[in-house]
Every structure is written in structure tokens, then in C-alpha cells.
Amino acid sequence: MAEFPGQVRLVFKDFPLDFHDRARPAAMAARCAGEAGRYWEYHDLLFAGQSELSRESLLEYAERVGVGREAFVGCLDAGKFQAEVEKDLGEGRALGVTGTPTFFINGQRLVGAHPVETFREVVREALASARR
């Protein structure tokens, strides 16, 4: 993003995998943290602690990023963002996503972890194509 200021945009979508029983609650928890302006900090804790996604861990992460417990628990327990998470999942499935991470750069799919140079190259190609 920093290398292509004003030329690219990042859109992040949830794609909780069915075999991971804590993925949906974690995705909803991140959105609850986002409601308090702490989405990315919370997101980073989720990825760092992928093996620790129990309810207690989700609450601890919220506390660590400075999200008020009462509002967070209320949001999580109400399933406030369940529909949004399910919508993202449906969009991903419609695009043929079967796993994470999956990236799309102007419609070009990149599946799995790639070195940053791969992203630079694909972005450069997409920008050059857009200029034609």
C-alpha cells in the first residue's frame, strides 16, 4: 500500500473455514473490536494466536487492544456481525475461494502465501494494464 499510494485499495473479507469451529466467532469478534476502532490490532492478535481462539482468548484479546469488555461481550453474544461474516463467506465461495489466504488483484487470483515481490509484480501489471 505504501509503495503505490493512491493507486491501490485493500478490501479485506472474512472467510471462516468450516473445519475450524472457532473461525466464525473469531471473525465476529474482530468486527466487534472494529466497532471500537481496533479491528486491525485485534485481527493481528487473532493471527498471532490462531491456536488460542477460545471465548476466553477472544475476551482477553479485546482487553489487550483496549476494547471495553461490556460492549464487546454484548456485541459478540448478540451475533451482531454474523450476517456480514456470512455475506463475505458467500461472496468468497461465489468467486471460487476454497481456502485462505486468497487474494484478488484486479480479478487475478493469488492463492496461498506469496512473497511480497509477487504482489508488487501483479500490482505493477494491473496498474500498467489500467493505463492502456
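This report describes the overall make-up of a predicted protein model and then one of its helices, α6.

## Overall architecture

The protein contains six helices and two strands. In sequence order these elements run α-α-α-α-α-β-β-α. The C-alpha trace spans about 50 × 30 × 25 Å along its principal axes.

Of the 132 residues in the protein, 37% are buried. Contacts between residues at least 6 apart in sequence include 51% that join residues at least 24 apart.

## Surface and charge

The accessible surface comes to about 8,500 Å². Carbon and sulfur atoms account for 53% of that surface.

The protein carries 17 positive and 20 negative charges.

## Helix α6

Helix α6 covers residues 116-131, which is 16 residues. At 1.5 Å a residue the helix should span 22 Å, and the distance of 23 Å between its end C-alpha atoms agrees with this.

Which residues of α6 are buried? They are Phe119, Val122, Val123, Ala126 and Leu127. Seen down the axis of α6, the buried residues fall within an arc of 135°, so they line one face of the helix. An α-helix has 3.6 residues a turn, so residues three or four places apart point the same way.

The cover over the buried residues of α6 includes both β1 (102-105) and β2 (108-111).

Technical notes
Residues numbered from 1 in each chain as written. Predicted model: local features only at pLDDT ≥ 70, side-chain atom pairs only at ≥ 80, totals over all residues. Heavy atoms only, no water. Helix = DSSP H or I, 4+ residues; strand = E, 2+ residues; numbered from the N terminus. Expected span 1.5 Å × (residues − 1). Buried < 20%, exposed > 50% of the residue type's maximum accessible area, 1.4 Å probe, protein only. Arc of directions from axis to C-beta. Contact = heavy atoms within 4.5 Å. Areas by Shrake-Rupley, 256 points an atom, 1.4 Å probe, with all protein chains shown as cover. Lys, Arg positive; Asp, Glu negative; His and termini not counted. Charge placed at Lys NZ, Arg CZ, Asp CG, Glu CD.
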